[in-house]
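Visitor: I have a model open on my screen and would like to learn how to read it. Could you guide me, feature by feature?

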Amino acid sequence: MTRSSGRSIARVSASLPAAAYAADCRRCPRLAAFLDAVHARHPQYHCRPVPPFGAADARLVIVGLAPGMHGANATGRPFTGDHAGILLYATLFKFGLATAPESRSLSDGLRLIDTRITNAVKCLPPGNAPSPAEARQCNTYLAAELSVLPAGAAVLALGRIAHDAALRALGLPSRGRAFAHGAEHPLERGACLFDSYHCSRYNTQTRRLTAAMFEQVFAAISRHLAHSTGRPPLRT
Ligand code: SF4
């Protein structure tokens, strides 16, 4: 089953490689069928692969897991409309990386500053759990996206699956680069992969991840970007 792409789709950063996103991708049969079923129940929802949000030449690329049912899958923008976006966008605003502390919809006028947000898996998975095969399938998009990472950039992986996806996309083995909250993994050309626990409702409500912990990660990213690119640090 296919659906026409008549509905508006969020604009993808103009200079990202074409291979970084495909609005009508259905390469994962389970996810495509799930999106069809969700779309039948919620015809106003986006229910397609969710495109990256932010400029192609951003120095900070944030990699999440996958769209949430009533968040990105509904609105068509990563981390927009669900609980996981609350802490993320508030923190981006605090560090001068977003023009507002909330992301509500594609039409809210929000802009990211020197930052792009993407997901390891672009389609909503049942139970927020993509299979390993689906994560591998979608990794080609992330690989194309990260192929234009600027020298000295920072990649922030939100959770272990995003960490593993980022390494795979960059063609790097995981040995010696284990996921840990607050970990920093040097990459080629002065770039660095930073790890954080995912800012999910579960992690924030159980205080596995607090705002202070999250801000410490962003402070480390700010120091890295200031050092590696010689440009001013992010606001703190
Ligand atoms: S998860 Fe990725 S590879 Fe799978 S159908 Fe969606 S966009 Fe395509």
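The conversation below goes from the whole chain to a pair of helices and then to the ligand.

Guide: Please keep in mind that this is a predicted model, in which local features need pLDDT of at least 70 and side-chain atom pairs count only at pLDDT 80 or more, while totals for chains, interfaces and linings use all residues. Residues are numbered from 1 along each chain as its sequence is written.

Visitor: How many helices and strands are there in the protein chain?

Guide: Helices (H or I, at least four residues) and strands (E, at least two) are DSSP runs, numbered from the N terminus. The protein chain has seven helices and six strands, and along the sequence their pattern reads α-β-β-α-α-β-α-β-α-β-β-α-α.

Visitor: At what angle do helix 4 and helix 5 pack?

Guide: Axes are lines fitted to C-alpha atoms, for helices over the stretch in contact, and angles run from 0 to 180 degrees between N-to-C directions. Helix 4 (residues 132-146) and helix 5 (residues 160-169) pack at about 60°, with their axes 8 Å apart. Angles under 35 degrees count as roughly parallel, over 145 as roughly antiparallel, 65 to 115 as roughly perpendicular and the rest as oblique, and helix 4 and helix 5 are therefore oblique to each other.

Visitor: Which residues come nearest to the ligand?

Guide: A residue is near a molecule if its C-beta atom, placed from the backbone, lies within 6 Å of it. Of the 13 residues around the ligand, Cys25, Cys28, Pro49, Cys123 and Cys138 come nearest. Helix 1 (29-41) and helix 4 each supply at least two residues of this shell, and the largest share, three residues, comes from helix 4.
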